[in-house]
Amino acid sequence: MTAWLDTLLFGIYPYICLAVFFIGSWARFDRDQYTWKSDSSQLLRTGSLRWGSNLFHIGVLFLFFGHTVGMLTPHFLYEHFMSAGAKQLMAMVSGGIAGTLGFIGLSILLHRRLSDPRIRATSKTSDILLLVLLWVQLALGLATIPLSAQHLDGSMMMKLAEWGQRIVTFRGGAVELLAEAGWIFKAHMFLGMSIFLIFPFTRLVHVWSGFGTLAYVLRPYQVVRARRLNLPPGHMQPQDRSHGA
């Protein structure tokens, strides 16, 4: 891949995706709040939805936080108790398990949406496209595991992490770190950034609401008092029925 294309895809494109991700999400919430939902198809058919949805969400949420912490945590914060090779091995094992769970769950959801006539009829093009993109992204992520096993010293993982850290901190020299990365790694990274790009225009926006519910943990307790008017004192006490009328 030529240097100018690397610069475009991994030096400029990430900022385009992040800008659209944040500004687009804000604009959609501000202008089209009635479309801010997950558009669940549970009413049409539950069946495999429970298994597919649970496996997918467990796998993807683990991968999201694992990638975020793993890529954006500077090496000096953990180098005293964990080597780069040990971190890579842990990422391969845990990521492989979570990726497999997510891949199975998403395969169930994709098959359900394409094979059921009623669900297919009520699906938007963006729904199917999103599932396909996520399915390919998980497949690419699993495909990187055998490649990572070829260099267990963690050197490539460190370069990928440094690339992410330089991007989010607006430092130069990020693109050069990917010179030795294979095309599967680059395809995985490019598709991951593209998902952020289309995020505001799909049902994925409901992820923001999921994180928003964490605010309830910090809310003060709500005290609810019953308001009963014109009721005599002791009306809540059980009546003595020992003396019949």
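Which helices do the buried residues of helix 2 pack against? I looked this up and found helix 3, helix 5 (125-148) and helix 6.

**Ground rules.** I am working on a predicted model, in which local features need pLDDT of at least 70, side-chain atom pairs count only at pLDDT 80 or more, and totals for chains, interfaces and linings use all residues. Residues are numbered from 1 along each chain as its sequence is written, and side-chain values use heavy atoms, with hydrogens and water left out. Helices are DSSP runs (H or I, at least four residues), numbered from the N terminus.

**Helix 2.** I noted its buried residues (under 20% relative accessible area; exposed is over 50%, partly exposed in between; 1.4 Å probe, protein chains only). They are Leu49, Gly52, Ser53, Leu55, Phe56, Gly59, Leu63 and Gly70. I then checked the length of helix 2 (residues 49-72): its 24 residues reach 33 Å from first C-alpha to last, close to the 34 Å expected at 1.5 Å a residue. The expected span is 1.5 Å times one less than the number of residues.

**Helix 1.** I ran the length check on helix 1 (residues 3-31) as well: its 29 residues should span 42 Å, and the end C-alpha atoms are 40 Å apart, which agrees. I found a bend of about 45° at Tyr13, with a proline, Pro14, following within four residues. The bend is the angle between axes fitted to the seven residues ending there and the seven starting there. Both Tyr13 and Pro14 are among the buried residues of helix 1, which also include Asp6 and Arg28.

**Helix 3 against helix 6.** I looked up how helix 3 (residues 84-115) and helix 6 (residues 155-168) pack: the angle is about 85° and the axes are 8 Å apart. Axes are lines fitted to C-alpha atoms over the stretch in contact, and angles run from 0 to 180 degrees between N-to-C directions. The two helices are therefore roughly perpendicular (65 to 115 degrees). Ala84, Lys87 and Gln88 of helix 3 make the contact with Ser155, Met157 and Met158 of helix 6 (heavy atoms within 4.5 Å). I sorted these residues into three nonpolar, two polar and one charged.

**His188.** I located His188 in helix 7. His188 is buried, at a relative accessible area of 17%. Not counting residues up to four places away in sequence, His188 touches His67, Gln137, Leu140 and Gly141.

**Phe170.** I placed Phe170 in the loop between helix 6 and helix 7 (183-198). Phe170 is exposed, at 66% relative accessible area. Its phi is near 60°, a positive value in a residue other than glycine. Most residues other than glycine have a negative phi.

Terms used: Angles under 35 degrees count as roughly parallel, over 145 as roughly antiparallel, 65 to 115 as roughly perpendicular and the rest as oblique. Ala, Val, Leu, Ile, Met, Phe, Trp, Tyr, Cys and Pro count as nonpolar, Asp, Glu, Lys and Arg as charged, and the others, Gly among them, as polar.
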